[in-house]
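Please look over the structure below before reading on. A short briefing follows, grouped by topic.

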Amino acid sequence: HSDMFHFHLLSQLAKHHTDLTEVLKTSDFFLVWGCIRDVLLGIVQDPDDIDLTMWGQPREIYENLNTSGFSTFITEKFGTITLIPKLEDGSHLNIKYELTPFRAESGYADARHPDQIFWSDSLVLDAQRRDFRINALYYSQQFIKAPSYETEKNIDDELLIKILEREGFIYLENQQVLIVQKESYLEQLIVKGKIDLDFLYYLLDIQPIGYHYWEVQKQFSEKIRIHLLIDPTKGLQSMISRKLQTVWEADKRFQEDALRLLRALRFVNVINEKLLELWKKEEKSDPKNKIRLFDFETETRKAIKRNHALLSSIAKERIYQELVKSFSQGNPFGLIGLIDEAEMLPILFPALAKTKHYDQPIRYHPFDIYAHIILTLYHLQQINKNYLVRFAMLYHDVGKVGQYEQYWLNLSKEEIRKVLAGPMNHRFSSGELMKEDFRNLGFSNKEIEEIKRYIKEHHTPWEILLSSPSSRAKKLKKLLSEAGYEKVQNLLDINIADRLGMYNPLQNSSDLSDSYYLKELLDEIENSEGQFKKSDLAISWADIMKEFEFKPGKIIWELLDIAFDWVIWDVKNRNLPDQIFANLRNYLKHRKEK
């Protein structure tokens, strides 16, 4: 038994191992990487993204697969075989397996990919190419005659590690888990990718002597499943100490593959967020039972900072994936802090980096632009998990640097009004800066446009709140018409977070009753009328041309806008052709008089 490790969840990995045995036509393979880490930490109950490895040549393994019920393909250069289970109707299950045979690597001229790959027959050599110790665990299952002991005792994490350090292996009878770390044992246990059952029995036969709970007298009973955990780089120790540490020398690992610099930050960020969620779910919020979160082992942390410039050489698509994972599953506020500490901010988010130490009017914002932005991000992530909304919050005010620089030119009030009405207004310039930086990070045009819309409209809820109470519903309806319910909800969340991140000395930032009123009003409109769009008008442009005998021209679209603005006040009673045309006649009459 262990206080920290969820060994009972290894049965979930066993199910995958059993399923894959039929596909690979052998049980001599190992699940690896994150699926084992996440299951042991308890942050994933049943993983759906599973890596595995085995001995052999990629092409030979691929050609020998039993592909019935699976879509498969192979990446020739790196020998990775992807397997996705299919249903009878041809659709795919949301599970992905990636198999890369044992390999060793050398030379990393581009700081990303190995120059040479050698297919190896050694699990120990395979472990040495992994990035972090917590990712270098291997899992297999074996059905053997079960050793049974007279007593079953629990063991705490401290003693578990003590025995592993001293003996190089341990068998936890309660959990039916055999952990092996010692290299000389591993070389005898796994020979050319196959488990040597004689040596496995030998390990189970020589339990460490001298601890009162180990009883040497044993007898063999019926066969049982043994969960075999192979840990050549002592990843379990890293998990217990809660320190992310590279496999072997940190500088070398980051210089081989510079993406690991960002992956290190992402791993700690996302794992900690999931550990917190698990802790809250298990109602362990008792201060006496404080949760322990991950940090970086000292040399690993220093090496990240030393090698940060290498990140510039990485393909933007790979950086994009890491950032999106963190902003979707992790703690974006914390990630930006780690990126800043590692001096990566100017590489990844240049416009954001320029907001540091750039003061705002203190009576409204007692912090510089950067501090305000990340505080708003902190508040937003508590209420909204949409990664695009979170990225919009990150860039919503970066254009203030250029806007404020105009102010320092001793402009007149009239000139300042022109700045605020033009492209230097931060609502517009922030979106343009975001577009440039996020395109360089590999974001799609669709994602960029949605983020830009949130940035451009982030003051709209303010404007609705500042308008007369009688016109708020109409303005909100118009916003709903243009953006849709979900996007308006996102904008209202941005507004709430923006206010909470101001810490305005003149206002009570915590009094958000008016913002929450807008949310309630939005729900009322959604439930009573829904999203009313121009296409829902009871008349069309063709009807206007026919009714007023107009030829095609600007006037048609002008009248459609007028009709829409009038109907949206009271859709139920006004969206009728006769009513609309009567209003348009009245409008045209006054327009003519003017």
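The points below go from the whole chain to single residues.

This is a predicted model, in which local features need pLDDT of at least 70, side-chain atom pairs count only at pLDDT 80 or more, and totals for chains, interfaces and linings use all residues. Residues are numbered from 1 along each chain as its sequence is written, and side-chain values use heavy atoms, with hydrogens and water left out.

**The chain as a whole**

- The chain has 29 helices and 15 strands; helices (H or I, at least four residues) and strands (E, at least two) are DSSP runs, numbered from the N terminus.
- Along the principal axes, the C-alpha atoms fill a box of roughly 105 × 60 × 50 Å.
- The chain has 594 residues, and 53% of them count as buried. Buried means under 20% relative accessible area, exposed means over 50%, and partly exposed lies in between (1.4 Å probe, protein chains only).
- Of the contacts with a separation of 6 or more, 69% are between residues 24 or more positions apart. A contact means heavy atoms within 4.5 Å.
- The chain carries 80 positive and 89 negative charges, and their mean positions are 5 Å apart. Lys and Arg count as positive and Asp and Glu as negative, while His and the chain ends are not counted. The place of a charge is taken as NZ of Lys, CZ of Arg, CG of Asp or CD of Glu.

**Salt bridges**

- Side chains of opposite charge can pair when their charged atoms come close.
- There are 30 salt bridges in the structure, each being a side-chain nitrogen of Lys or Arg within 4 Å of a carboxyl oxygen of Asp or Glu.
- One of them joins aspartate 28 to lysine 194, with 3.5 Å between the closest N and O atoms. This pair links distant parts of the chain, 166 residues apart: aspartate 28 is in the loop between α1 (10-24) and β1 (30-32), and lysine 194 is in strand β12 (residues 194-195).
- Aspartate 28 counts as buried at 18% relative accessibility, whereas lysine 194 is partly exposed at 45%.
- Aspartate 397 and lysine 400 form another salt bridge, their closest N and O atoms lying 3.1 Å apart. Aspartate 397 is buried, with 1% relative accessibility, and lysine 400 is buried as well, with 7%.

**Aspartate 126 and its surroundings**

- Aspartate 126 belongs to helix α4 (residues 123-128) and is buried, with a relative accessible area of 0%.
- Aspartate 126 forms a salt bridge with arginine 130, the closest N and O atoms being 2.6 Å apart. Arginine 130 is also buried, at 3% relative accessible area.
- The side chain of aspartate 126 also reaches the backbone nitrogen of arginine 103, at 3.0 Å.
- Beyond neighbours within four places in sequence, aspartate 126 is in contact with Thr53, Pro101, Phe102, Arg103 and Tyr138.

**Glutamine 237 and its surroundings**

- Glutamine 237 sits in helix α8 (residues 235-241) and is buried, with a relative accessible area of 12%.
- Its side chain makes a polar contact of 3.0 Å with the side chain of glutamate 165 and one of 2.7 Å with that of glutamine 181. A polar contact is a pair of N or O atoms within 3.5 Å; within protein, one must be able to donate a hydrogen and the other to accept it, and residues adjacent in sequence count only if both atoms are side-chain atoms.
- Leaving out neighbours within four places in sequence, the contacts of glutamine 237 are Ile161, Leu164, Glu165, Gln181 and Asp231.

**Positive phi values**

- Most residues other than glycine have a negative phi.
- Glutamine 176 has a positive phi, near 55 degrees. Glutamine 176 lies in the loop between β9 (169-172) and β10 (177-180) and is partly exposed, at 28% relative accessible area.
- Glutamate 343 has a positive phi, near 65 degrees. Glutamate 343 is in the loop between α13 (332-341) and α14 (345-348) and is partly exposed, at 39% relative accessible area.
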